Amino acid sequence: MTITENGYGGDRLCRGDKLIIGNGIYGYRGTLEENGKNEAVALTTCSFYDRRGDSWREPVNMPNPLYLRVKANGTALSKENVAYHTESLNTDNGVFSRCTVFKIKDVTVTLKSERFFSQIDYRLLISKVTLSCDKSAEMEIADGIDLDVWDINGPHFTTDSVSYNPLSVYCTTNEGKHLAVTLYEKCPYKPVNADFSNGKVLNFYKVFTKEITLERFAVLYRSDLDKCDDGKMLLNNLKGYDDYYKENLKWWREKWKCAKIEIEDERNSQLALDYSLYQLIIYAPKVSGLSISARGLSGQTYKGAVFWDTEMFMIPFYLKTDKNTAKNLIRYRIDTLDKAKQKAREYGYEGAFYAWESQDGVDACSDFNVTDVFTGRPVRTYFKDKQIHISADIAVSLYQVYKETKDIGILNDGIEVLLECAYFYYTRSYYNHIKKRYELLDVLGPDEYHERVDNNAYTNYMAHETACLAIKGLKELSKKSPERYREISEIYKNIIPKIKKFKEGIYLPKPNDNGLIEQFSGYFKLEDTTPCELKKRLKDPKEYWGGSTGVATATRVIKQADVVMLLCVLKRFPLEVLKANYEFYLPYTEHGSSLSYSAYARLACKLQLKKDAYEWFIKTARTDLDGGGKKYAGSLYIGGTHPAACGGAYLTVTEGFLSDGLNSLPDEINSITVNTQTKKYKLKRN
Ligand code: BGC
């Protein structure tokens, strides 16, 4: 389907997110050819990180190869003379297009362009621009590579060399990595000049004509992934625009065959679903050893780092539609086990404590994640130190990937992840000799507003599950891979008994007489108020709600599903418990993270709360279409797209509407058809 935005004067930051294209390695924000860094143009990279000075390390935004500006009969085509403008993204084939009509004194000029990434060769970004006039005019076109790019903590590179035929730049990052952008153009005319000034390397065309078309092929290079000479080969063997276009259509047709969900519903959610799945498709890395960051490829928010979002919200989509990607994503964690072991040791523990915000396995999360809006001072946050549930999230997901792909290679290599994560929890726990149980103290659960709490239910249950899976994984190995089993049993012979002890002894907060599981020790004693009430207490709309002094800290108000998330992930609690906790926690939940809606959606399905389920589904599926999600935490910009919410939409359909959830669809939905790599599921409302 097509997402269309009309009018030239829209919110560029929002449109940039919404109309994004990508191929897993690169993303290009939905911006216009004449835009620059003020309009947040970005050719964003997956895992190509750089640090400038003491500021946060973030992914590099490459030089923009699709810059273009035009004059007709001496007058610049600019926002002052726009008569009509529309821009759109086609989720069926990943093509962004725009059409703008400029009326200047004596001539009307229509600028049409389209762009897409090659999905076959991730180094290629392809575009076509056509300028047509109602009568012949003198057209002056300057187009090429803009090196003055949008950054949060940049600049990230300096330009080492520039060449002109074709236009090409070669740059070095602050960390000494290299990148290059080469722009090859096909045009019936020759440039009259080429030049490097004001941070732009441009070709200049001057022709008297009614119509001119430029086909543009940008070849991208980054030294961490590519060999420089391969780029030259690609350039020498470039195909025509139409060939790439056809190849692109074919790729997307095949992709959608395994991924499309058709929905017939009251609020026309087809577009929202297409767009959610589109995002997951364009963010799937094409190379092993990479993963997906919390804002996909929409910019540098959250340092381009990988969170639990990938395992808990996105991998389930790939398990059904693209098993290789699911395996690649979990391999990213297997490959970074050493870094997780190192992090555990830095905190004085053993085993594997995965990065909360992973940049190639290293924790990119800072000690001071938000800034106090009143004083401008950094606020100490404990996300990376205390959000220990990350290791369990990875372990649970790893086992699921093994189970669903039946790839013994995942278990052979992943068994150490399971054992090391379980061992970490054992070493991190405190044995309460009075109560005779292991406890996990001073932690942070999924609800980030309550830091440094004891026995967060989600964390304790997930740590227990990790220990169970480590033991189960060993058993499975003994049957399927006896040699590896013997090897591992020997290496871990002193550790396995400790994991077993922890598994038996970890404190699992039980539902009370009302069926309620306390989010953490002491939670029920906190002030009973609601997010709405807290909003009234804010002295600044951008104020941070958590931390030591936030408005939510001393109250029951939570940022996102926490106990409810636990009840979704571990499917072992009886319906009465699901019901009691859904009803109890709902009024306290701010949904300040886009991860929250889909947890409520899935639970609502299990509880046959069809109306609620539909509402939550709409919220998670429309997060990015409606430009939802918070843009600031304190004064920190956290905008961009929300792939975890997209994965949440998928989970709601597959685990909620279709699976063990509702016995029939919500009244608002007539039918749903889910295509996967192996099967097609269809459900019609009775
Ligand atoms: C949420 C985390 C999430 C992160 C990235 C935060 O606001 O609290 O649970 O992992 O955003 O999406």
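These legends accompany several close-up views of a predicted model.

View 1. The buried set runs through Ser596, Tyr597, Ser598, Ala599, Tyr600, Ala601, Arg602, Leu603, Ala604, Cys605 and Lys606. Notice that Arg602 and Lys606 are on that list too. What covers these buried residues? The cover includes α5, α15 (563–569), α16 (575–585), α18 and α19 (643–657). Just after α17, look for Gln608, which takes a positive phi of about 60°.

**View 2. Helix α17 packed against helix α18.** Here α17 (residues 596–606) meets α18 (residues 610–622) at an angle of about 155°, and their axes lie 8 Å apart. That angle makes α17 roughly antiparallel to α18, because angles over 145 degrees count as roughly antiparallel. The two helices cross in a left-handed sense. On the α17 side, the contact uses Tyr597, Ser598, Tyr600, Ala601, Ala604 and Cys605. Their partners in α18 are Asp612, Ala613, Trp616, Phe617, Lys619 and Thr620. By residue type, the contact divides into eight nonpolar, two polar and two charged. If you wonder about the spacing of such positions, an α-helix has 3.6 residues a turn, so residues three or four places apart point the same way.

**View 3. Helix α6 packed against helix α9.** In this pair, α6 (residues 323–335) and α9 (residues 389–405) pack at an angle of about 145°, with 10 Å between their axes. The crossing of α6 and α9 is left-handed. From α6, the contact draws on Lys323, Ala326, Lys327, Ile330, Arg333 and Ile334. From α9 come Ile390, Ile394, Ser397, Leu398, Val401, Glu404 and Thr405. Sorted by type, the residues of this contact are seven nonpolar, two polar and four charged.

**View 4. Met314 in helix α5.** Met314 sits in α5 (residues 309–321). Is Met314 buried or exposed? Its relative accessible area is 0%, so Met314 is buried. Setting aside residues up to four places away in sequence, Met314 touches Leu280, Ile292, Ser293, Asp309, Pro643 and Ala644. Gly648 is 334 residues from Met314 along the chain, yet their C-alpha atoms are separated by 7.6 Å.

View 5. Ser118 counts as buried because its relative accessibility is 4%, and the cut-off for buried is under 20%. Where does the side chain of Ser118 reach? It comes to 2.9 Å from the backbone nitrogen of Asp121. Beyond its neighbours within four places in sequence, Ser118 is in contact with Asn23, Leu124, Ile126 and Glu247.

**View 6. Asn73 in the loop between β6 and β7.** Our last stop is Asn73, placed between β6 (64–72) and β7 (75–76). With 28% relative accessibility, Asn73 counts as partly exposed. Its contacts, leaving aside neighbours within four places in sequence, are Asp106, Val107, Ala137 and Glu138. With Asp106, the side chain of Asn73 also makes a polar contact of 3.4 Å, side chain to side chain. For a sense of scale, Asn73 and Glu404 are 63 Å apart in space, C-alpha to C-alpha, and 331 residues apart in sequence. Glu404 is one of the α9 residues that make the contact with α6.

Terms used: Residues are numbered from 1 along each chain as its sequence is written. This is a predicted model: local features need pLDDT of at least 70, side-chain atom pairs count only at pLDDT 80 or more; totals for chains, interfaces and linings use all residues. Side-chain values use heavy atoms; hydrogens and water are left out. Buried means under 20% relative accessible area, exposed over 50%, partly exposed in between (1.4 Å probe, protein chains only). A polar contact is a pair of N or O atoms within 3.5 Å; within protein, one must be able to donate a hydrogen and the other to accept it, and residues adjacent in sequence count only if both atoms are side-chain atoms. Contact means heavy atoms within 4.5 Å. Helices (H or I, at least four residues) and strands (E, at least two) are DSSP runs, numbered from the N terminus. Axes are lines fitted to C-alpha atoms, for helices over the stretch in contact, and angles run from 0 to 180 degrees between N-to-C directions. Angles under 35 degrees count as roughly parallel, over 145 as roughly antiparallel, 65 to 115 as roughly perpendicular and the rest as oblique. A crossing is left-handed if the near helix is turned anticlockwise from the far one by less than a right angle, and right-handed if clockwise. Ala, Val, Leu, Ile, Met, Phe, Trp, Tyr, Cys and Pro count as nonpolar, Asp, Glu, Lys and Arg as charged, and the others, Gly among them, as polar.
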